[in-house]
Amino acid sequence: MKNSIASKIIIGLLAVSAGVWAVQSCSDPKPDPDGTTTGSTTSIPSKAHVTPPDFNADSSYAYVKVQADMGPRVPGSKAHAACVKWMSETLKKYGAEVVVQDGVVTTFDQKKWNARNVIASFNPENKSRIFLAAHFDSRPFCDNDTVPSNKSKLCPGVNDGASGVGVLMEIARNIAAKNPKVGIDIIMFDLEDYGQPENSGFPPMENSWCLGSQYWSKNMHKPGYFANYGILLDMVGGKNATFYKEGTSIFFAGNVVEKVWNTAANLGYGNLFIQEPYGEFTDDHLYINRLTNIPTIDIINYDKERSAFFSHHHKTGDTMDNIDKTTLKAVGQTVMEVIYNEE
Ligand code: 1BN
Ligand code: ZN
């Protein structure tokens, strides 16, 4: 045992001085935070672990509240324009190269909109990249609300929309302080949530959801853009959230799902990140996976017991009252652990 500890110390020093690679030797198999298991009676190479900065849940919560205070960010509204401006300016302040991609899209009600995807690139010259994404728009009607007069109201879109942006803004703030080894692109998608409701009175429209990400997938912001993989966040701030391994994510990017869920488990967030496949959801990752060659996963809150998304989904009750810093922290710290350990 003494020998084992001494050898670990020497190996640790060697790893620090050598920089990148270490050779671990210990008697018990030991999981790394990225989910791989290392260590046995034989020596096997292992990447040096990088401890990421601390994801600050108070800061992330404040970013969610900034959006909630703007009001529903429905396309064409002042709040929507204010949100684009706030995200662009803040991401630039954090050192990113920011592009606002404009594209005309048509919704199920035959209206045309100028979709505005906000894309922030950190270390744009780095060829090895990962993208992180969320949608920032709010649904223009709360069609799931049980009160009939609420169904036509604009949705607050706080867990559904603002929470993902709030986690990504806090990750951006951390990247400004310490760069990961990979280049990171943060993409805030527009017009995810204008999908056709039931009994809309309009002819059925296929692919009516996720119009901003569909536009981006067909018109990359940089010609030949590529990322090793993508992580989409949707509804990542709710109380008692559970994140199952979503089916489309497993199909297109199973190795990324394993990496993220194992990382969460090793960080102690296994109570939120459930080691079980469940569901298949229409979300931005579906179109990115279908239309590009970038494998992309969705971290999305689903309540298996109720067979539904969180209880205020597309209802007037999707407000700050239901945002939980514990959930923001679990998701944000897990994603940071993953990206800071990529090359
Ligand atoms: C996710 C959040 N989505 C909308 N708000 C996508 C979705 C579309 C989920 C249809 C379920 C059905
Ligand atoms: Zn929605």
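Predicted model: local features only at pLDDT ≥ 70, side-chain atom pairs only at ≥ 80, totals over all residues.
**Reading the terms in this structure**

Q: How many helices and strands does the protein chain have?
A: The protein chain has eight helices and twelve strands. Both are DSSP runs numbered from the N terminus: helices are H or I with at least four residues, strands are E with at least two.

Q: Why is His-135 called buried?
A: A residue is buried if 20 or more other C-beta atoms, placed from the backbone, lie within 10 Å of its own, exposed if 12 or fewer, and partly exposed in between. His-135 has 29 such neighbours, so it counts as buried. The residue sits in strand β7. Across the protein chain, buried residues make up 44% of the 343 residues.

Q: How do you know that strands β6 and β9 are mostly covered?
A: In β6, eight of the eleven residues are buried. In β9, five of the six are buried.

Q: What counts as a contact, and which residues does His-135 touch beyond its sequence neighbours?
A: Two residues are in contact if their C-beta atoms, placed from the backbone, lie within 7 Å. Leaving aside neighbours within four places in sequence, His-135 is in contact with Gly-161, Gly-164, Phe-189, Glu-192, Asp-193, Gly-212, Asp-234 and Asp-284. The C-alpha atoms of His-135 and Gly-161 are 5.3 Å apart, although 26 residues separate the two in sequence.

Q: What makes β7 and β8 a pair?
A: Two strands pair if DSSP finds at least two bridges between them. Strands β7 (residues 129–135) and β8 (residues 183–189) have seven bridges, in the parallel sense, so they meet the rule. Within this pair, Ile-130 has Ile-184 of β8 as its bridge partner.

Q: Why is the pairing of the six-stranded sheet called mixed?
A: Strands of a sheet pair through backbone hydrogen bonds, either parallel or antiparallel. The open sheet has the order β5-β6-β8-β7-β9-β12. Ten bridges join β5 to β6 in the antiparallel sense, and five join β6 to β8, also antiparallel. With both senses present, the pairing is mixed.

Q: What makes a strand of this sheet an edge strand?
A: An edge strand pairs on one side only, as β5 (97–106) and β12 (296–300) do.

Q: Why is α2 called roughly antiparallel to α3?
A: Angles run from 0 to 180 degrees between N-to-C directions, and axes are lines fitted to C-alpha atoms, for helices over the stretch in contact. Angles under 35 degrees count as roughly parallel, over 145 as roughly antiparallel, 65 to 115 as roughly perpendicular and the rest as oblique. The axes of α2 (residues 57–70) and α3 (residues 78–93) come within 9 Å and cross at roughly 150°. That value places α2 roughly antiparallel to α3. The contact involves Val-66, Gln-67 and Met-70 of α2 with Ala-79, Ala-82, Cys-83 and Trp-86 of α3. These residues divide into six nonpolar, one polar and no charged.

Q: How is the packing of α2 with α8 described?
A: The axes of α2 and α8 (residues 325–340) are 9 Å apart, at an angle of about 110°. The helices are therefore roughly perpendicular. By class, this contact has three nonpolar, two polar and three charged residues.

Methods. Residues numbered from 1 in each chain as written. Chains lettered and ligands numbered in written order. Nonpolar A, V, L, I, M, F, W, Y, C, P; charged D, E, K, R; others polar.
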